[in-house]
Amino acid sequence: MAADLSDVRFLTVAEVADMMRVSRMTVYRLVHSGELPAIRFGRSFRVPESAVTHALENHVAETA
(Lines give C-alpha, C1' and ligand atoms only; values in the text may rest on other atoms or scores of the structure.)
Protein backbone atom coordinates (compact mmCIF):
# COMPACT_ATOMS: atom_id res chain seq x y z
CA MET A 1 0.00 0.00 0.00
CA ALA A 2 2.88 2.40 0.67
CA ALA A 3 4.01 2.01 -2.93
CA ASP A 4 0.58 3.16 -4.12
CA LEU A 5 0.64 6.31 -1.98
CA SER A 6 4.11 7.29 -3.15
CA ASP A 7 2.62 8.16 -6.55
CA VAL A 8 -0.19 10.30 -5.09
CA ARG A 9 0.27 14.06 -4.90
CA PHE A 10 -1.71 15.69 -2.11
CA LEU A 11 -2.81 19.32 -2.27
CA THR A 12 -3.76 21.75 0.47
CA VAL A 13 -7.21 23.33 0.56
CA ALA A 14 -5.68 26.62 -0.62
CA GLU A 15 -4.03 24.90 -3.60
CA VAL A 16 -7.31 23.20 -4.52
CA ALA A 17 -9.15 26.52 -4.28
CA ASP A 18 -6.61 28.08 -6.65
CA MET A 19 -6.94 25.21 -9.13
CA MET A 20 -10.73 25.31 -9.06
CA ARG A 21 -10.88 29.12 -8.86
CA VAL A 22 -13.22 29.04 -5.88
CA SER A 23 -12.91 30.11 -2.26
CA ARG A 24 -11.35 27.92 0.40
CA MET A 25 -14.76 27.72 2.09
CA THR A 26 -16.21 26.17 -1.07
CA VAL A 27 -13.50 23.52 -1.00
CA TYR A 28 -14.27 22.78 2.67
CA ARG A 29 -17.96 22.42 1.77
CA LEU A 30 -17.12 19.98 -1.03
CA VAL A 31 -14.92 17.96 1.33
CA HIS A 32 -17.50 17.87 4.13
CA SER A 33 -20.31 16.91 1.73
CA GLY A 34 -18.23 14.05 0.36
CA GLU A 35 -18.14 15.41 -3.20
CA LEU A 36 -14.38 15.83 -2.94
CA PRO A 37 -12.42 13.08 -1.15
CA ALA A 38 -9.81 14.23 1.34
CA ILE A 39 -7.59 12.95 4.11
CA ARG A 40 -7.41 14.73 7.42
CA PHE A 41 -4.02 15.32 9.04
CA GLY A 42 -4.58 16.83 12.44
CA ARG A 43 -6.65 19.94 11.81
CA SER A 44 -5.87 20.25 8.09
CA PHE A 45 -7.13 18.43 5.02
CA ARG A 46 -5.18 17.14 2.04
CA VAL A 47 -6.89 16.36 -1.24
CA PRO A 48 -5.45 14.00 -3.85
CA GLU A 49 -4.65 15.93 -7.03
CA SER A 50 -6.30 13.22 -9.11
CA ALA A 51 -9.58 13.79 -7.24
CA VAL A 52 -9.48 17.50 -8.10
CA THR A 53 -8.86 16.88 -11.80
CA HIS A 54 -11.56 14.20 -11.83
CA ALA A 55 -14.06 16.57 -10.18
CA LEU A 56 -13.24 19.33 -12.66
CA GLU A 57 -13.55 17.02 -15.65
CA ASN A 58 -16.90 15.64 -14.46
CA HIS A 59 -18.30 19.08 -13.71
CA VAL A 60 -17.33 20.41 -17.12
CA ALA A 61 -18.82 17.31 -18.78
CA GLU A 62 -22.12 17.78 -16.90
CA THR A 63 -22.50 21.43 -17.88
CA ALA A 64 -21.50 21.01 -21.52
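Met-20 touches Leu-30, Val-52 and Leu-56 in this predicted model, residues up to four places away in sequence not being counted; contact here means heavy atoms within 4.5 Å. Local features are reported at a pLDDT of at least 70 and side-chain atom pairs at pLDDT 80 or more, whereas totals for chains, interfaces and linings use all residues of the predicted model. Residues are numbered from 1 along each chain as its sequence is written, and side-chain values use heavy atoms, with hydrogens and water left out.

Met-20 also belongs to the residues with the most contacts inside the largest nonpolar core, together with Val-16, Val-27, Val-31, Leu-36, Val-47 and Val-52. This core has 13 residues. Such a core is a set of buried Ala, Val, Leu, Ile, Met, Phe, Trp, Tyr and Cys residues joined through side-chain atoms within 4.5 Å; buried means under 20% relative accessible area, exposed over 50%, and partly exposed in between, for a 1.4 Å probe and protein chains only. At least two core residues come from each of helix H2 (13–20), H3, strand S3 (44–48) and H4. The greatest share is that of H2, with 4 residues. In soluble globular proteins, nonpolar side chains tend to be buried together.

The protein chain as a whole contains 4 helices and 3 strands, in the order α-β-α-α-β-β-α along the sequence. Helices (H or I, at least four residues) and strands (E, at least two) are DSSP runs, numbered from the N terminus. The chain has 64 residues, of which 22% count as buried. Of the contacts between residues at least 6 apart in sequence, 43% join residues at least 24 apart.

Helix H4 contains Ala-51, which is buried because its relative accessible area is 13%. Although Ala-51 and Leu-36 are 15 residues apart along the chain, their C-alpha atoms are separated by 6.8 Å.

The largest pocket holds about 260 Å³ of space. On a 1 Å grid over the protein atoms alone, a pocket is an open set of points where a 1.4 Å probe fits, with protein on both sides within 12 Å along at least five of seven lines, and lining residues have an atom within 4 Å of a point. Grid points are joined across faces, edges and corners, and the volume is the space filled by probe spheres set on the points. Of the 14 lining residues, Met-20, Leu-30, Glu-35, Ala-55 and His-59 are the closest to the centre of the pocket. Helix H3 (24–33) and helix H4 (49–63) are the elements that give two or more residues to this lining, and H4 gives the most, with 7 residues.

The structure holds 1 salt bridge, defined as a side-chain nitrogen of Lys or Arg within 4 Å of a carboxyl oxygen of Asp or Glu. It joins the side chains of Glu-49 and Arg-9, at 3.1 Å from N to O. Glu-49 lies in helix H4 and Arg-9 in the loop between helix H1 (2–5) and strand S1 (10–12), 40 residues apart, and the pair thus links distant parts of the chain. Glu-49 is partly exposed, with a relative accessible area of 26%, and Arg-9 is partly exposed at 47%.
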